[in-house]
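Dear colleague,

I am passing on the structure that we talked about, and below it I have written down what was found, element by element. Please keep it open beside this email while you read.

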Amino acid sequence: MACMVMTFANHGYCQSENQSKFFIGFNAGYNRGLGFQATITAQDPIESLPVDLRLGAGYTSLDPGSSADARRIFINNATNGVPEEKARAFDYRLDILAPISLFSLEQSYVYFGPRYSSFRANFKYIGGNEDFDVTSRQFGAGLGAESHFKMNDKLNLVVTAGVDYFFDNTLKGHDTSYSPDDDNVNPRNDNQNNDVEFTYSDADDAINQPDIMPRLLVGINYQL
């Protein structure tokens with residue numbers, strides 16, 4: 001079967017003219033918590049540039065932060081009730097993948113691109129009559145490296161490692177919000193510090209919204 005040489009020929013990749021240039025993928029692993037990611041990749045979409053483009057959407061289960069501090073900063077100074085807490089983040093990403101030589105592996109890439117995160121932490125106090133969410137929406141950027149290992153004509157094993165960074169943004173909970181410029185709405189008073197108002201720094205310390213997000217995932221890419 002005749003093969004045409006792709007832009008990624010230096011990675012030993014050979015593709016027939018009628019094969020798709022699109023891949024769907026699914027990855028799972030560590031993303032500052034247990035994370036899952038679905039992707040679609042366009043291979044060599046721009047003839048003059050030796051890069052791939054990838055869109056991805058992910059879900060991560062995270063540590064929400066301090067339940068006691070969250071209650072004081074967003075609700076009140078009550079201490080009754082047994083706390084239950086959870087948090088999750090949806091992230092959306094665009095990656096530009098460029099081929100590199102990595103440990104002599106045939107198909108290796110460095111990638112980078114913009115990010116967007118939708119974060120929600122929930123704090124519930126059983127017996128304390130409190131149940132509230134703290135949310136944030138953040139833009140960010142990320143970079144990393146990955147290698148693909150051919151399993152058959154359609155399927156590749158993917159190992160990827162990198163880091164995302166998300167920029168500070170407003171944290172909202174109940175009827176209170178804290179912004180990075182401290183233009184806050186209905187901030188609570190710190191009864192442990194002469195009743196001074198809490199600041200964004202206090203809220204950010206209490207809530208583990210995405211910031212630096214190291215990631216190590218393993219998955220598959222399937223050629224459509």
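Asp 44 is found in the loop between β4 and β5 (52-62), and although this residue is not a glycine, Asp 44 has a positive phi of about 55 degrees. Please bear in mind that this is a predicted model. Is Asp 44 buried or exposed? Because its relative accessibility is 10%, and buried means under 20%, Asp 44 counts as buried.

A positive phi also occurs at Arg 32, about 60 degrees in this case, although Arg 32 is not a glycine. Its place is in the loop between β3 (22-30) and β4 (34-42).

Turning to the strands, β5 pairs with β6 (residues 82-102) in the antiparallel sense over 11 bridges, and within this part of the structure Ser 61 has Arg 88, in β6, as its bridge partner. On to the next pair, β6 and β7 (residues 105-126) are likewise antiparallel, with 18 bridges, and here the bridge partner of Ala 87 is Ala 121 in β7. The hairpin of β6 and β7 has 2 residues between the strands, and in this hairpin Phe 103 takes a positive phi near 55 degrees.

Finally, there is the helix α1 (residues 67-74), which is largely enclosed by the rest of the structure because 6 of its 8 residues are buried. Which residues of α1 are buried? They are Ser 67, Ala 70, Arg 71, Arg 72, Ile 73 and Phe 74.

With best wishes

Terms used:
Residues numbered from 1 in each chain as written. Predicted model: local features only at pLDDT ≥ 70, side-chain atom pairs only at ≥ 80, totals over all residues. Heavy atoms only, no water. Helix = DSSP H or I, 4+ residues; strand = E, 2+ residues; numbered from the N terminus. Buried < 20%, exposed > 50% of the residue type's maximum accessible area, 1.4 Å probe, protein only. Pairing = 2+ DSSP bridges.
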